[in-house]
Amino acid sequence: MPIKERIIKELQSGPKKYKALKTKFKATKKFFAAMEELYQQGIIDEVNGLIILLKGSKAEKKQRPKDVFEGVVVKLTEN
């Protein structure tokens, strides 16, 4: 079964934390590409740290930013 279908199947049981999905699917390049593609297509969304599966008209109405799952934000300070 393709990874996108496995992610969708996992989210059908309820919202999951992004970190939990990363550990379950081993955080490979395929996982990150599939998550980005599902987000761009409007199938999934991130709300308060949870990844949810969108259904029906809510999925069509969302405007999608280009990069939602970027890397780590680092704050630099001087001593």
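**Entry 1: the buried side of α1**

I looked up what the buried residues of α1 pack against: β1, α2, α3, β2 and β3. I note at once that this is a predicted model.

Which residues of α1 are buried? I find Ile3, Ile7 and Leu11. They sit on the same side of α1, because they cover an arc of only 75° around the axis. An α-helix has 3.6 residues a turn, so residues three or four places apart point the same way. I then turned to the other side of α1, where Lys9 and Gln12 are exposed.

I also checked what follows the helix. Just after α1, Gly14 has a positive phi of about 150°.

**Entry 2: the chain as a whole**

I stepped back to list the elements. The chain has four helices and three strands. Reading from the N terminus, I get the order α-β-α-α-β-β-α.

How much of the chain is buried? Of its 79 residues, 25% count as buried. I put the accessible surface at about 6200 Å², and carbon and sulfur atoms hold 52% of that.

I looked at contacts along the chain too. Taking those with a separation of 6 or more, I find that 50% join residues 24 or more positions apart.

**Entry 3: the strands**

I started with β2, residues 44–47. It pairs with β3 in the antiparallel sense, over four bridges. Within this pairing I located Glu46, which stands opposite Ile51 in β3.

The two strands form a hairpin with two residues between them. There I noted Asn48, which takes a positive phi near 50°.

Next I took β1, residues 16–17. It also pairs with β3 in the antiparallel sense, here over two bridges. I looked up the partner of Lys17 and found Leu50 in β3.

Which face of β3 is covered, and which is uncovered? In β3, residues 50–53, Ile51 and Leu53 make up the covered face. Leu50 and Ile52 make up the uncovered one.

**Entry 4: the nonpolar core**

I went to the largest nonpolar core, which has 14 residues. Which members touch the most others? I list Ile7, Leu11, Leu21, Phe31, Met35, Ile44 and Ile51. The elements that give two or more residues to this core are α1 (3–12), α2 (18–24), α3 (29–40) and β3. The largest share comes from α3, with five residues.

I cross-checked names from earlier entries.

**Entry 5: Phe31 and the aromatic rings**

I followed Phe31 from the core list. Leaving aside neighbours within four places in sequence, I find it in contact with Ile3, Ile7, Tyr18, Leu21, Lys22 and Phe25.

How many aromatic pairs are in the whole structure? My search gives three. One of them joins Phe31 and Phe32. The pair is edge-to-face, at 5.4 Å centre to centre and 65° between the planes.

Phe32 counts as partly exposed, because its relative accessibility is 35%.

Last, I traced the cluster. Tyr18, Phe25, Phe31 and Phe32 form one aromatic cluster. Two of these names, Tyr18 and Phe25, were already on my contact list for Phe31.

Notes
Residues are numbered from 1 along each chain as its sequence is written. This is a predicted model: local features need pLDDT of at least 70, side-chain atom pairs count only at pLDDT 80 or more; totals for chains, interfaces and linings use all residues. Side-chain values use heavy atoms; hydrogens and water are left out. Buried means under 20% relative accessible area, exposed over 50%, partly exposed in between (1.4 Å probe, protein chains only). Two strands pair if DSSP finds at least two bridges between them. A nonpolar core is a set of buried Ala, Val, Leu, Ile, Met, Phe, Trp, Tyr and Cys residues joined through side-chain atoms within 4.5 Å. Contact means heavy atoms within 4.5 Å. Accessible areas come from the Shrake-Rupley method with a 1.4 Å probe; for residues, only the protein chains shown count as cover. Rings of Phe, Tyr and Trp (its six-membered ring) pair if their centres lie within 6.5 Å; planes under 30 degrees apart count as stacked, over 60 as edge-to-face and the rest as tilted. The arc is that of the directions from the helix axis to the C-beta atoms.
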